[in-house]
Amino acid sequence: MKEGKAQRVDRVQLQERLFERWRSLRGRSAADCVRVYLAVARKWQFFGATIYCAKMLATPDEEDVWLAVQEDGVSVLDFISMRGNECRYPPELWAIPRRTAS
């Protein structure tokens with residue numbers, strides 16, 4: 001997968017912001033850092049989801065994506081940014097094979 005100039009700029013900006021946040025934690029206890037991390041992580045809409053790497057077979061280059069599986073649905077996430085793409089599949093649309101009694 002090719003990375004465009006805009007994605008590289010976004011990645012650099014993200015790294016800079018993360019580094020700045022990391023420096024702001026200097027001098028705090030480990031428990032404090034964990035508390036801050038969890039407070040931020042819990043705001044992510046896919047917090048608590050099980051994340052799977054997958055290939056999008058419907059695209060010409062079989063694009064890599066992440067699947068976020070939660071109790072109320074499955075979401076397809078961009079592989080690099082891990083942002084949802086508004087595709088959410090509620091459980092009633094899942095095609096789950098049923099086991100037959102042997």
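**View 1. Contacts across the chain.** Among the contacts in the chain with a separation of 6 or more, 18% are between residues 24 or more positions apart; a contact here means heavy atoms within 4.5 Å. This is a predicted model, where local features need pLDDT of at least 70 and side-chain atom pairs count only at pLDDT 80 or more, while totals for chains, interfaces and linings use all residues. Residues are numbered from 1 along each chain as its sequence is written, and side-chain values use heavy atoms, with hydrogens and water left out.

**View 2. The W44 and F46 pair.** Here the ring centres of W44 and F46 sit 5.4 Å apart with planes at 75 degrees, so we call the pair edge-to-face. The rule for Phe, Tyr and Trp (its six-membered ring): centres within 6.5 Å make a pair, with planes under 30 degrees apart stacked, over 60 edge-to-face and the rest tilted. F46 is buried at 3% relative accessible area, while W44 is partly exposed at 36% (buried is under 20% relative accessible area, exposed over 50%, partly exposed in between, with a 1.4 Å probe and protein chains only).

**View 3. The W66 and F79 pair.** With ring centres 4.9 Å apart and planes at 10 degrees, W66 and F79 are stacked. They link distant parts of the chain, 13 residues apart: W66 lies in strand β2 (residues 63–70), and F79 in the loop between β3 (73–78) and β4 (84–89). Strands (E, at least two residues) and helices (H or I, at least four) are DSSP runs, numbered from the N terminus. Both partners are partly exposed, W66 at 21% and F79 at 27%.
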